[in-house]
Each structure stands twice: as structure tokens, then as C-alpha cells.
Amino acid sequence: MSALPTRLAPVPLRVLATTPETADSTTLVLESGAIQPGAPGQFNMLYPFGLGEAAISISADDAAARRLVHTVRGVGPVSAAIAALRPGDVLGVRGPFGVGWPMRQARGRTIVLVAGGIGLAPLRPVIHAVLRERAAYGRLLVFYGARTPRERLFVPELAGWEASADLEFVTTVDSGDANWGGHVGFVTALLAQARFDPARTIAMTCGPEIMMRAVANHLRERGMAAEDIHVSMERNMKCAAGLCGHCQFGPLFICKDGPVFPYGRIAELMTVREI
Amino acid sequence: MADASPPTSPDAATEIAAAFVLPAARLADLVTALRMEGYAVHGPMVRDAAIVLGPLADAVALPHGWTTRQSPGGYRLERRTDAAVFGFTHGADSWKKLLHPPRVRLWSAERQGADFVVHEDAPAPAKLALFGVRGCDLRAIAAQDKVLLHGPYPDAEYAARRAEAFIVAADCAEPSGTCFCVSMGTGPSARAGFDLALAELDPHGDAHRFLVRIGSPRGGAVAAQLDLAPAAGADIAAAAALADIAAANMGRAMDKDAARALLPAQRESAHWQDVAQRCLTCANCTMVCPTCFCTTVEDTSDLSGDIAERWRQWDSCFTFEFSHVVGATVRESASARYRHWITHKLSAWYEQFGESGCVGCGRCITWCPVGIDITAEVAALQDLSQRDPR
Amino acid sequence: MKTMAGLIREHPFLADLTEAECEVVAGCAKNAVFEPGTYILREGQPANAFHLIRHGRVAVEIYAPRRGSHVLQTLGPGEILGLSWIVPPYRSTSDARAMEQVRTFSFDAVCLREKCEKDPALGYALMKRFVPVLVQRMSAARLQALDMFGAQA
């Protein structure tokens with residue numbers, strides 16, 4: 001009987017390290033235990049004891065180190081409890097679930113990543129994967145939109161990316177501060193200035209749905225095929241295994257058909273209200 | 001234990017090795033034989049002025065001589081003039097309450113210092129015999145099989161119950177005013193997916209009997225214990241004739257192919273506002289629907305905070321919380337929730353599971369407190385789309 | 001050595017203008033350099049020029065007492081600076097500050113307006129380049145105003 005892969009019970013894993021990212025976001029490094037590392041774009045269901053579960057994407061490609069890395073923004077009771085964990089605490093994990101970013105299709109092509117807010121977390125493993133196997137991919141252009149400079153994730157790592165010749169990384173904020181010497185404005189404005197060959201490019205975007213729609217539409221106007229633009233969706237999730245029905249988005253289950261979808265598959269659904 | 005594999009799916013035609021006759025007076029022997037095999041037999045019985053599904057101690061508990069009259073938002077239990085056992089149409093209950101229970105504990109966890117351990121609950125042992133399953137409900141079970149057994153992550157609880165379940169089907173001779181199984185291609189007769197199938201003949205006199213068809217080896221084994229006489233050609237013809245009459249007496253009809261294409265195309269129809277003015281978002285339709293499978297989970301902990309549990313329970317896409325994401329609910333309006341339910345049931349289900357999610361049982365129509373009728377809503381949308389094609 | 005007309009044609013904003021059209025508009029253009037911290041445009045001042053940015057970045061700002069200056073948008077090479085020159089009464093609606101050394105092709109607004117009036121085909125060709133920029137900036141500003149990365153995102 002137990003041969004059936006139910007994956008409905010969490011595996012308790014120890015928190016090895018925590019890094020505060022912003023006022024409400026934290027990166028957790030966990031031992032990986034019996035949980036498979038997961039591919040960029042996949043997610044785990046995280047369970048702080050007794051409180052409930054939240055679907056959180058994997059935020060680093062650190063399989064070699066046998067570590068699970070998640071970046072959590074504490075916005076609800078469950079995610080806030082996860083973001084408040086300290087090293088030594090134990091967190092329940094089940095997963096990994098879902099269809100991740102199209103890393104195989106990305107090989108040999110220019111990769112455009114557009115992240116908004118916490119949406120950089122699910123895209124960071126893509127950057128790690130490309131940098132680890134740099135020659136296998138074309139140019140890597142990353143556009144990161146944040147609310148303010150203080151609300152950027154992974155700040156020490158961003159500096160390295162900005163300085164690196166291996167990728168073209170730019171941040172833009174909605175609102176700067178006195179010390180901000182970087183870009184101000186919406187990500188599409190930066191994207192509009194970037195030069196790349198739409199026919200040889202694959203794009204991946206993660207952020208608020210309105211941002212992803214604007215980004216995808218801009219890329220379509222630039223001549224990219226809808227199948228080459230990939231977006232990561234979010235909906236209510238309970239089981240993550242296609243059994244509970246909660247995450248349905250039109251005919252799709254975000255948990256098992258996604259969370260990453262080619263834009264062509266969901267462009268029409270994204271414009272339907274309350275779907 | 002005998003053959004534990006579930007009966008064949010309706011896609012694979014079940015071979016009917018032979019047909020036998022069971023006199024009505026010996027129906028009790030079938031219940032007894034199943035109980036002797038270790039099955040907890042569940043079937044229809046009269047309770048609280050309705051026919052419900054419950055544990056059957058014997059065949060006496062079956063609704064002998066009862067029938068029902070059903071309409072949108074209406075259900076009446078009535079006396080028959082004969083002794084028919086299956087002379088009624090199903091009530092609000094469906095077999096999913098046995099195979100996909102309304103509330104199950106999935107696991108418990110215990111804090112041990114800084115750590116905690118998780119104890120996964122093994123599926124509860126349940127050897128169930130479902131007695132009197134109609135054609136529509138057989139197909140509903142097959143539909144839930146696709147969702148809960150044949151996806152990437154089979155559900156252990158359902159799998160355990162399903163593997164053991166012995167299904168006694170009962171052909172439907174008297175559809176209700178809300179039935180439309182013929183439109184959906186699921187009834188009125190049991191075609192596949194059963195261990196034994198009964199067709200009730202001549203319930204008004206001494207010749208009251210059941211035609212017994214065998215749908216699986218374990219069904220054959222149970223039938224063999226009863227030492228039944230083979231059916232005559234006339235019995236088989238009589239059962240077929242009853243099925244034809246039942247098919248001609250459907251209370252409602254639906255154009256399922258049209259519905260499949262229509263619903264996604266009519267997402268922006270003003271008609272959804274019309275439905276929303278009537279719909280109470282009470283979730284009755286999803287609770288009585290034999291294919292609706294949605295669940296939610298509830299995490300609890302004891303007062304000490306050291307023991308936590310996760311329970312899974314039926315949920316409904318009509319609740320406000322169902323589509324909640326951080327800070328907001330996606331399907332805020334009643335119109336969006338009704339649209340989601342009917343579009344999923346009649347259209348999206350094809351893309352997800354290769355068939356319609358509706359079996360035409362009519363429960364959602366009967367048990368809607370305001371009588372919203374899924375067939376009438378489809379017809380109204382069809383009518384509007386023809387008048388104002390988009 | 002390239003002519004002004006040849007140079008401005010290399011800027012993405014005017015890239016597909018005809019050679020003849022470039023010649024005409026080049027008559028209104030000159031090279032301009034702004035040192036870091038200097039203001040290229042000032043709110044309320046006559047919009048005497050519009051710029052094609054060649055190098056360096058520009059902060060478009062608005063100043064409010066107590067709030068201080070607030071950066072609405074930053075612009076860089078390949079983009080244009082200054083839209084008020086097209087719209088009466090031709091006054092700048094925000095400040096534009098050079099964040100680093102900025103080099104532009106600066107167009108005399110009066111000269112350019114006159115040429116557009118005289119040659120509507122040229123005026124239309126230019127408007128077809130300005131309107132998408134306006135639309136794109138308006139859309140971006142709307143999305144920015146949603147505060148979509150805020151707590152309710």
C-alpha cells in the first residue's frame with residue numbers, strides 16, 4: 001500500500017542558516033534530508049509546526065551542497081512563521097512539485113529574465129544554473145524590478161552579478177532614495193532599451209501577474225514567439241499534487257501543469273477576470 | 001483475500017459471461033453472501049423522509065415499495081403501488097462519501113524538543129460493498145478514479161478503499177424529473193465498472209426477480225455461491241425493454257458537446273450575472289455532485305502545542321476562501337464561482353481528464369435550494385450565444 | 001567625419017527616418033554635454049529643447065517642499081528626454097538631472113516646431129516616433145503607480 005507516492009506528509013528538516021533579505025523576507029538554508037533537490041522553478045510545500053502550509057519556490061540551485069534554499073516573504077500567518085525561523089529550528093517540507101523553468105530549451109540561446117519583487121527568488125536558480133555551466137547558454141540578461149532599493153533581495157549577490165561579465169544584470173525601482181544611483185521606472189522601460197535577437201531568445205518572468213502580462217506583451221511586440229516566453233503563476237494550493245482542485249486556472253492545475261507555463265498557453269486566461 | 005483489483009474501467013468493455021436470475025425473496029442471500037465475504041454492505045434505505053445511503057444489516061432495510069419525485073429544488077418520498085426495491089432515483093448521497101470520505105486525518109505530528117516527528121496515517125481498512133449503484137454513479141466513480149488514482153500522485157486513502165470496493169450495480173428503471181444520464185451517455189443501465197449488476201423485473205407480483213449480470217471474477221465468485229438459475233432470453237429482453245423506457249423518460253436533456261465548446265467561449269456573458277442573482281453560493285451542488293472531488297486541509301494542534309494534525313475535508317469552489325491568495329480572493333463574485341464550477345464540470349474536465357465531469361445524475365438540480373438547473377443554464381447560454389454570436 | 005545628419009540617424013529614436021528628413025532635423029540639432037549634477041530641464045521653464053540621449057543617465061525628478069526631490073524615472077542612452085516642447089505652452093513639467101556625465105543631441109524646439117509646421121509629412125513622421133514613447137511611459141507610470149510590489153502584491 002505504502003508504495004503509492006502520496007507525498008501528503010511533510011519531512012521535518014533542520015534550518016541550518018537564515019539570512020534576512022528585507023524587512024519581511026528571509027532566506028532559509030535547510031538540510032535536504034529525504035527531499036530531492038528540485039529543478040529551478042519548482043516549489044516545496046513548507047510546514048511550520050502546527051500552523052499550515054505554504055507553497056514556496058526553490059530560491060537557489062544548491063543541489064551539490066545538499067541544501068534546500070527558500071526565500072520567504074512573511075505576508076500571511078504561515079509565511080510569517082516560516083520567515084521567523086532561526087537556525088536549529090525544524091520545518092516540515094514536502095516536494096518538490098511542479099514544472100519548472102525550461103532549462104533544456106534555454107541551452108544555446110539568449111536568456112532574458114524579468115523578475116519583480118519576490119519573483120527574483122524563483123528565478124535565482126536559473127542564474128545559478130547558467131553561471132555554473134556558462135558555455136552551454138547564450139547571453140544572460142536579467143531585469144529586476146523592486147519597490148525600493150531597501151526591498152531588493154540578495155543584495156550582496158546582486159553586486160557580484162552587476163560587476164560580472166557573465167551576465168547583464170540591471171535593477172530598477174519604483175521609488176529610489178537619496179543614495180540610489182540606479183534606475184527608476186518600470187521594468188518594461190529597461191527591457192525596451194535592451195538589444196537582443198527575439199528569434200534566438202527565451203524569456204522567463206516571475207512577479208505580479210500584471211507585470212508578467214506587461215512584460216510578455218512587450219516581448220511579443222518585440223517579435224518573440226509566445227511559446228518562448230515563460231511565466232510562473234500562483235494560486236491557492238492545498239495538496240500540490242493535483243488532487244484538491246484549489247489551484248485551477250481555467251483548465252490548468254498550477255501545481256502539476258505549472259507553475260511555469262509558456263505564455264502562449266495562458267495568455268488568454270490571464271486576461272479573464274476572476275478565473 | 002480474493003482479487004483486490006478494482007473493476008475494469010468503463011472504457012474497457014466488461015464481458016458479460018452469463019446472466020442469472022435471483023428471485024426477489026432471495027435478495028437477502030446476496031447481502032448475506034457479501035457480508036460473509038467480509039464486506040461492510042452499504043446501500044439505500046429510508047431515513048428522515050429521504051432515501052439515503054447507509055450500512056445495510058440485511059435486505060429488509062432496502063427501500064421496498066418507495067419511490068421519489070424530484071424537480072429543481074424539490075424532493076418527495078412517495079409510496080409505490082408495487083414492491084420494487086430499486087424503484088426510486090438516488091438521493092442527495094453519493095458513493096463518494098464512502099470512497100472519498102468527507103473528512104480524513106492525513107497525518108499527525110509530535111514535537112520532540114526542537115524537532116518534530118510525523119506519523120503518516122495508513123489508509124483505514126475498509127472493505128466496502130456498494131449495493132445498488134446506478135449507471136450514472138458508476139461513471140462518477142470512474143471519473144473520480146481518473147482524478148484520484150490515475151494522476152501523477154494517486155491518493156492513498158481513495159486507492160485503498162477503491163481496491164477493496166465490491167460494486168453491485170442496479171439498472172435504473174425510473175429516472176426522476178432532474179435526470180439526464182442519457183444525454184451524458186452514462187445510463188440508465190450499468191454498462192461497466194461493476195462486479196455484479198442487477199435489473200429489477202416484475203416488482204408487482206410473485207414473479208418479482210432480478211436479472212444478475214456478472215462484471216468481474218470476484219462478482220462471479222459471489223454469484224456462484226448463490227447457485228442461481230440461468231436467465232432466459234425473455235428476462236434479458238425484459239431488462240433491455242425497461243432500460244429503453246427509462247431512457248425515454250429522462251426529466252431533462254443537455255447537449256454535452258455544445259456545452260464543452262460554449263462555456264469557455266461565453267466567459268464574458270452577461271448571463272453569469274443572471275445566475276449570480278439566484279445562486280446562494282451555498283455549495284450544495286458540489287457536496288451532492290458525485291464527481292466533485294475538491295478538498296481542503298485543516299491544521300490543528302492541541303492545547304500544549306506539542307501535537308499537531310492535518311485533516312482533509314471536502315471543500316467547494318463556491319466558498320469565498322477557496323481561491324484565496326495572499327491578501328485577496330480570486331473568484332470574489334458569485335457569478336465567477338458559478339462560472340468556474342459549471343465550466344470546469346462541463347468543459348475543462350475534458351482537457352484535464354478526457355471526458356465530461358458531469359454524469360447527468362441531476363443531484364445538483366434537485367438539491368439546489370433555489371432550483372438552479374445546470375441543463376437550463378447551458379440552454380440559456382446556448383440561446384444567448386446564437387442570438388448574439390461573439 | 002560623419003555629418004550631424006548621419007550621426008543622429010544612428011540614434012534608435014530616429015533610426016528609420018529618411019536621409020532627407022534627417023538632413024532637415026539635423027539643422028536644428030547640436031551636441032550638448034551636461035556634467036553630473038547639473039540640470040538639463042527645470043520644471044516650469046520654457047521647453048526650449050528636446051534631447052536624444054547618447055551617453056549617461058538622466059533622473060527625471062519632481063521637487064516638493066518637505067518631501068524633497070523625488071525621482072520619477074531614469075533615462076539612458078537610446079532614449080529621449082523632453083516631451084513638453086510639443087505641447088503648448090511649451091514648459092517643462094519636471095526637472096531632469098544628469099546623474100553622470102550626459103551627452104545628447106539637443107534639438108532647438110522652436111526650430112523643430114517650425115519645420116514640422118512647414119512640412120506636415122515630417123511632423124507626422126516625428127509624431128509617430130513620439131506617440132509610442134508617450135504611450136509606453138504612460139503605461140509604465142500607471143503600473144508603477146499600482147505599487148504592485150507592495151504588501152498586497
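1. A word on conventions. This is a predicted model, in which local features need pLDDT of at least 70 and side-chain atom pairs count only at pLDDT 80 or more, while totals for chains, interfaces and linings use all residues. Residues are numbered from 1 along each chain as its sequence is written, chains are lettered from A and ligands numbered from 1 in the order in which they are written, and side-chain values use heavy atoms, with hydrogens and water left out.

2. The two domains. Chain B splits into domain 1 (19-248) and domain 2 (256-387), with bounds from an automatic or database domain assignment. Their C-alpha centres are 25 Å apart.

3. How they meet. In chain B, 42 residues of domain 1 are in contact with 41 residues of domain 2 (heavy atoms within 4.5 Å). The buried area between these domains is about 3,700 Å², and carbon and sulfur atoms give 57% of it; the term is the accessible area (1.4 Å probe) that two parts lose on being put together, summed over both. Of the area that domain 1 buries here, B:K96, B:R103 and B:M184 supply 17%, more than any other three residues.

4. A salt bridge joins B:R363 and B:D137, their closest N and O atoms being 2.6 Å apart; the term needs a side-chain nitrogen of Lys or Arg within 4 Å of a carboxyl oxygen of Asp or Glu. On the side of domain 1 that touches domain 2, β6(B) gives the most, with 9 residues (strands are DSSP runs of E, at least two residues, numbered from the N terminus). That side divides into 17 nonpolar, 13 polar and 12 charged residues; Ala, Val, Leu, Ile, Met, Phe, Trp, Tyr, Cys and Pro count as nonpolar, Asp, Glu, Lys and Arg as charged, and the others, Gly among them, as polar.

5. Chains C and A. Here the contact takes 22 residues from chain C and 24 residues from chain A. About 1,900 Å² is buried between them, with 58% from carbon and sulfur atoms. In chain C, the residues that lose the most area to chain A are C:Q144, C:M148 and C:F149, together 35% of what that side buries.

6. The link between C and A. There is 1 salt bridge between these chains. A:R147 forms a salt bridge with C:D147, where the closest N and O atoms are 2.5 Å apart.

Terms used. Helices (H or I, at least four residues) and strands (E, at least two) are DSSP runs, numbered from the N terminus.
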